[in-house]
Structures are given as C-alpha cells and as structure tokens.
Amino acid sequence: MQYSLYKNRVLCGTEPLPGEPLAELPDADEMLYLFRRPPLTGRETFAVSDLDLLTAQEGPETLCSGGEAGAVPPELAWAISTGQVRAVNAAHPRWEELLELTPGKGKLRVHLLALGDVGSTLAMGLKLLGGDVISTLGICDMRENVPERWEFELNQIAVPFPRVKVVGMDELFCCDVFLFCASRFVPDTAVKDGDVRMAQYELNRELAASYARMARERRFGGLFCVVSDPVDPLCRTVLLESNKNEAGELDYQGLFPHQVRGFGLGVMNARATYYAQRDPRFVDFLIDGRTFGPHGEGLVVANSISRYDDAVSRELTEKTKRANLEMRALGYKPYAAPALSSGALSLLACLRGDWHCSSVYLDGVFMGVRNRVAPNGIEVERLPLPEALLTRIRETMEQLRAIP
C-alpha cells in the first residue's frame, strides 16, 4: 500500500499516486483510496465500510458481507473500521472533483417538479415532516395556477419550516435536492393488470432525459432524485443522458452516479410489512426481512436473512408486487403510500443520514437497497446473504441491465 499527500488530501492505493509520498500517515479526518475502472461502469466514489471492498469486484456480491480481504496494513484497517476511508475512481476524467466531496451542513433547499397526485402528496409530507433538514421547498408545475394553489395551501399548514415557494424553470436547479415527479403518462384505474410502471417508461424516459440535460447545462451539484415511474430505469437514463455531449457521445461531464437517487423501494418495503403484519407465515419479515431491486417487476423480497425461505419469500414478493393492482381493482390510483413511504419518509431519512430504502448505482445499474449517506460517502447495507437470495438479486440486476 502506498500513501501520499495531494492538495491537502491523504491518498492511498496500490498503484503510483499523485502528490508527495508519505513515509508515515498524518492525522486526517478522511483517507481517500484510489482505484481505477472505466467511468460509469460502477460507483465513482463510496464509503469503504469493510476491508474486502478494497479488493472485491463490484456487483451483487457487494451487498454480501463476509468476503475475503487481501492483506491490508493495520493503519488502513483501523481507518476503515472508524469510517474514515472513501474510495474514488481515479480513472474518471473529473476524479479530482471527487476529492473535494464533503457532506452538506445545515438545512437544504429542495425543489420539486410536478404537483400531480404523487408530487402534491409528497410536498405535504415534506412540509409536515421536513422542517429539521429542509429550509425551503420550491415547487414547480407547468399547469396554470397549480403551483400557486399549493403554495397557498401548504404555507397555511401551521408548521414554520420548510417555507414553500413557487419556482420557475430558470430556478429549478438552484437547489441542493431536485425531485423529479413529472410524468407524461399515468395509467388510469381501468388498467388492472400487467406491469403498470413499465408501461410509462417510453414516454417518461425522454421527459427525464430533458431534465438531465438541463442539470448538465446548469452544472448541477446536488441530488437528482427520481420519484416518477419506472424509477430505476429512469435513474439510469438521467445519469447517462447528463453525461452525453450534443453529438450523443459520453464525455463524463454530467452528473456523478452518487448524485442520482431513485425513490421507489420504500413503499415496497412498507407493503411487505403490511402483509407480514396480517399473515403469520410472513412474520419473520418484521424481524430481519429485506427488500431489494426495483419498484416493480424484478423486486426481491426476502422473508428473513437469518431464516431465509425461498418459497415463502417468493410468495411475499408476488403479494408486494401486486399491491398496486389490488388498489386499482378498488377503482383508485395507488399514489398516497408511494408518495409518503418511497417519497417523503425515505428522502428525509436519506437527507438525515439514516438507513433507508432507495436505489443507488451499483455495477452499471440502479439497484434498490438499504443504504445511508455516511460522512465518508454512500454506504450500502452488507449482510450474510443466503446463496438462493443472492441468486435472485443477480437475476434482478441482469434484468435491469437489459432495459435499453
């Protein structure tokens, strides 16, 4: 292992490093581990929470604890155990920008685009619950008087923060967190079968791409959060389109993977909990059950990590996936629980640095997992996953990768 001091940052790695070589390590709040792989094929920076993350190839196994670690010097092992190490991809053309990555301090400015059923319910949740982390909530909608209506309503809810204001298109990315809730197509209640979320993909993909290009033009440095369906494929669209030049070629001048986040898994976790509370066959989920993958087809529900039962888990997965169709069968659109469980509650947990369910970039796809924003970067939960469960996660990641 080599160490150096570069632009007042302590670097480490197994290959030659820029900067001044260090004979011994100085006291530092953060140590940056440099690695190399082609840009956008995986995470560009992340929290190193375990020794084997320095050597293991990124993929489904990243979610599995207990991997074999190579020989690591004791001083680096200690730094990892105390949460001081962050990995950075030195092969990214803008890798030096990642050296300066620091957690935000104070309350954040959040801007929300589109105040339909989901967006307006999400705004209510943020107004009621987000006063500790949100300073202002900017709202934008292309329909006449819609944002004015919600500014009027929300600011009459008797909590002082966050203050709600109407923002125009030119201000949309003057914020710390951008919430994409826009949609060109939402199936009505007559649609009662099939993967309703993927039916929205073609029309919503170009809409998401247009705002990704806008984020690129504005050199947006905050979080681009996707709430619209299908969440995970749209996240990938946002990341890739923001990194393309006018000729449609990747130039890596757009958003970094850690800036794009999908909020769809939270409600699936809540729906699995709903069924587990009503059926004793699924009760183990309430103790150590987990959900992985997309908000829709490909979802993986594990009835339990310590007592995993594949048949029971698959049954609970199907119930959870079809919960939205049960609501449609009643004649209503299922939007309240997604807006609050996936949207408001999960987003606020993310901003607070708490463990929550959301989609993060992993091995070239956006994958819903339990994660948190730690002081040294995004940390995904790593558990001793049974092989049968890991196989299901592998299949889901390949399905996500196959979506154009």
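**Close-up views of a predicted model**

**View 1. Leu-128, Leu-129 and Leu-345 make a nonpolar surface patch of about 280 Å².** The model is predicted, so local features need pLDDT of at least 70 and side-chain atom pairs count only at pLDDT 80 or more, while totals for chains, interfaces and linings use all residues. Residues are numbered from 1 along each chain as its sequence is written, and side-chain values use heavy atoms, with hydrogens and water left out. Patch members have over 30% relative accessible area and no salt bridge; nonpolar side chains (Val, Leu, Ile, Met, Phe, Trp, Tyr) are joined within 5 Å, and like charges within 9 Å. A salt bridge here is a side-chain nitrogen of Lys or Arg within 4 Å of a carboxyl oxygen of Asp or Glu. Areas come from the Shrake-Rupley method with a 1.4 Å probe, and for residues only the protein chains shown count as cover. Leu-129 is partly exposed at 43% relative accessibility (buried is under 20%, exposed over 50%, partly exposed in between; 1.4 Å probe, protein chains only).

**View 2. Phe-173 and Phe-178 form a tilted aromatic pair.** The whole structure holds 11 aromatic pairs (rings of Phe, Tyr and Trp, the last by its six-membered ring, with centres within 6.5 Å; planes under 30 degrees apart are stacked, over 60 edge-to-face, the rest tilted). In this one, the ring centres are 4.5 Å apart and the planes meet at 45 degrees. Phe-173 and Phe-178 are both buried. Together with Phe-180, Tyr-211, Phe-220 and Phe-224, they form one aromatic cluster.

View 3. Tyr-275 is buried at 11% relative accessible area, whereas Tyr-274 is partly exposed at 41%. Arg-278 lies over the face of Tyr-274, 3.8 Å from the ring centre (for a charge over a ring, NZ of Lys or CZ of Arg is within 6 Å of the ring centre and within 35 degrees of the ring normal).

**View 4. Arg-149 lies over the face of Trp-150.** Here the distance to the ring centre is 4.1 Å.
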